[in-house]
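Colleague: I've got a new model open and would like to learn how to read it. Can we walk through it together?

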Amino acid sequence: MSTQDFDQEPDDTPTTPTHTPRLAFILLAIFAGGALGATLRIACDLALYAVYPADSFTDVLIVPWSTWFVNILGSFLLGFVYVRFSLKAEGEVSYMLPFLATGLLGAFTTYGAVAVGLARGLLEPAPAFSAVVLFLATTAMLVLGVAAALLGVRLGQGRKNV
């Protein structure tokens, strides 16, 4: 060691990580958003089946319409939210993106329900017909979901890039 090392001021940098509280708040935001998103998802199911009870067109056409609707709406909202809340200054923390995008919209939209709906449809009495209807409905959901996400991004950008 040189004498110059002893002449320096002591380093007062804390040894504990400073990001731990921030991480805890981010995880809490995701948890809270997820609880709200899952609740909204079930509310959409209940609302659809209140309007169209069992044995109506929803069962005849095999398509999980509630899942279809929330995935397209969620794609639009995710595109909008991502653009609105991800453009922050360097080092600035926003809890809105984890809350809305990962938590709320992550729990609101669902790939698992699409997969289960497809599997359930393939167990119907006419699996070939069910497979075609479900393939077309799922393809349409994906295409409309991407279009909705693009629209959400464009609206999220505001007037500056439109």
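This is a predicted model: local features need pLDDT of at least 70, side-chain atom pairs count only at pLDDT 80 or more; totals for chains, interfaces and linings use all residues.

Colleague: What pattern does the protein chain follow along the sequence?

Modeller: Reading along, you get α-α-α-α-α-α-α, that is, 7 helices and 0 strands. Buried residues account for 27% of the 162 residues in the chain.

Colleague: And the confidence: what is the mean pLDDT of the protein chain?

Modeller: The mean is 79, with 74% of the residues at 70 or more.

Colleague: Now the core. Which residues form the largest nonpolar core?

Modeller: The general idea: in soluble globular proteins, nonpolar side chains tend to be buried together. Here the largest nonpolar core has 8 residues, namely Val 70, Val 81, Leu 97, Leu 100, Ala 101, Leu 104, Leu 105 and Phe 108. Helix H4 (65–86) and helix H5 (96–108) are the elements giving two or more residues to this core, and H5 brings the largest share, 6 residues. For a local view, pick Leu 100: leaving out residues up to four places away in sequence, Leu 100 touches Val 81, Phe 85 and Leu 105.

Colleague: How do I look for empty space?

Modeller: Rolling a probe the size of a water molecule over the atoms shows where empty space is left. In this model, the largest pocket has a volume of about 230 Å³.

Colleague: Which residues lie nearest the centre of the largest pocket?

Modeller: Of the 14 lining residues, those are Asn 71, Tyr 111, Val 114, Met 141 and Leu 142. H4, helix H6 (111–122) and helix H7 (127–157) each supply at least two lining residues, with the largest share, 5 residues, coming from H7. By type, the pocket lining divides into 8 nonpolar, 6 polar and no charged.

Colleague: How many cavities of 30 Å³ or more are there?

Modeller: The count comes to 1, and the largest cavity holds about 60 Å³ of space. Among the residues lining this cavity are Trp 68, Val 114, Leu 134 and Met 141. H6 and H7 are the elements that give two or more residues to the cavity lining, and H7 has the largest share, 4 residues.

Colleague: How does the lining of the largest cavity divide into nonpolar, polar and charged?

Modeller: The cavity lining has 8 nonpolar residues, 2 polar and no charged.

How values were computed
Residues are numbered from 1 along each chain as its sequence is written. Side-chain values use heavy atoms; hydrogens and water are left out. A nonpolar core is a set of buried Ala, Val, Leu, Ile, Met, Phe, Trp, Tyr and Cys residues joined through side-chain atoms within 4.5 Å. Buried means under 20% relative accessible area, exposed over 50%, partly exposed in between (1.4 Å probe, protein chains only). Contact means heavy atoms within 4.5 Å. On a 1 Å grid over the protein atoms alone, a cavity is a set of points where a 1.4 Å probe fits but cannot get out, and a pocket is an open set with protein on both sides within 12 Å along at least five of seven lines; lining residues have an atom within 4 Å of a point. Grid points are joined across faces, edges and corners, and a volume is the space filled by probe spheres set on the points. Ala, Val, Leu, Ile, Met, Phe, Trp, Tyr, Cys and Pro count as nonpolar, Asp, Glu, Lys and Arg as charged, and the others, Gly among them, as polar. pLDDT is the predictor's confidence in each residue, from 0 to 100.
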